[in-house]
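Thanks for coming. I will go through side-chain packing and aromatic contacts, so please bring up the model.

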Amino acid sequence: MATTLGQAVNRAHRTIGEPDITAFDANVLLQNVLIDDANETIVKIMERTRYRWGLHRDYITTTAKSNSGAVTLTNGSTTLTSVAAVDGAVAADNFGNVSAGMFFRRTSDLDSYRILSVDTGNTPDILVLEDAYIGSTSATGVAYNIFQDTYAISISNLDEIQMARYGSAQTGNDKIKITDVQSIMEKCGGDLHRNVSGKPMYMAQVNPDSSDVPQWLMWPFPDSQFLIEVWYSAKFTTATSFSTNLFGGDAPEVFSNTVIDHMRATAFYQDEDFQNGDRWMQAYQLGMDACVARDSRTYMDDQQMSVK
């Protein structure tokens, strides 16, 4: 059964002979000290290692690349026009699945351009790039790819992605390696968009989007829709109310007990009983070790044999 913040404060109270309470009083110093102590101790425990019970699962879906028909484009212009075919000039509507923030790349070029806006209200469809096109002008259609390599992951309280894999098993390469941008740049030879085969095998966290949602760069960029399963740790939300569960109610009992041991030590220190405070601080240290050991133990079957 999960331990609430109120229950934890009461257990610390009893240790020094204080009565139980049924609600917090903001004017009582000891209560405020113990509430702060509980939250600070939880953060210390959570930062010690990544615990299996603290992992959450969610899914993200990638966007397929778009390369229908062709485009016409002009050197020095930010505007691209949709046409029906390569070497043709017949107006077309090819950008229905395109959105701002994706990238445009002419197949014969080495430069990619971020898309500022898309106009599909009339024929032909029009794209506006953030930067002017620096390649050669083409009044008739040329081949292209439009794709998305960065994805905002809208998961509440997302702290860190620990693992990522494809939702359906892919023989031999179903995992996506969590890495950093520098490593990806080394893998791609400095050109993030040179590989259009399109099954991401690496992902790295980059700056949040304009709504402060965490974003992840994928390489190679997806050329199809893929369902990606992510396992992540969540940010700790400070507990302030009497009925709030410590650790969100997810942790095994030893974790709550460890927090309470630290609160007991703090209560004695506030009471200027340093000997008993030190005794409970030692119990807290042993509890910290027990938390890590519990999550790191080797799993055994009922015959005490290692499970392979």
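Over which ring does the charged end of R264 sit? The ring of W280, with the charged end 4.6 Å from its centre. Sitting over a ring means that NZ of Lys or CZ of Arg is within 6 Å of the ring centre and within 35 degrees of the ring normal. K199 has its charged end over the ring of Y166, 4.7 Å from the centre.

Some conventions. The model is predicted, with local features needing pLDDT of at least 70 and side-chain atom pairs pLDDT 80 or more, while totals for chains, interfaces and linings use all residues. Numbering starts from 1 along each chain as its sequence is written, and side-chain values use heavy atoms, leaving out hydrogens and water.

Now the rings. There are 14 aromatic pairs in the structure; Phe, Tyr and Trp rings (the six-membered one for Trp) pair if their centres lie within 6.5 Å, with planes under 30 degrees apart stacked, over 60 edge-to-face and the rest tilted. Y113 and Y133 have ring centres 5.6 Å apart and planes at 50°, so this pair is tilted. Both residues are buried, that is, under 20% relative accessible area, where exposed is over 50% and partly exposed lies in between (1.4 Å probe, protein chains only).

Ring pairs also join Y51, W53, F247 and F255 into a cluster. Leaving out residues up to four places away in sequence, F247 touches I42, I45, M46, W53, F255, S256 and V259, a contact being heavy atoms within 4.5 Å.
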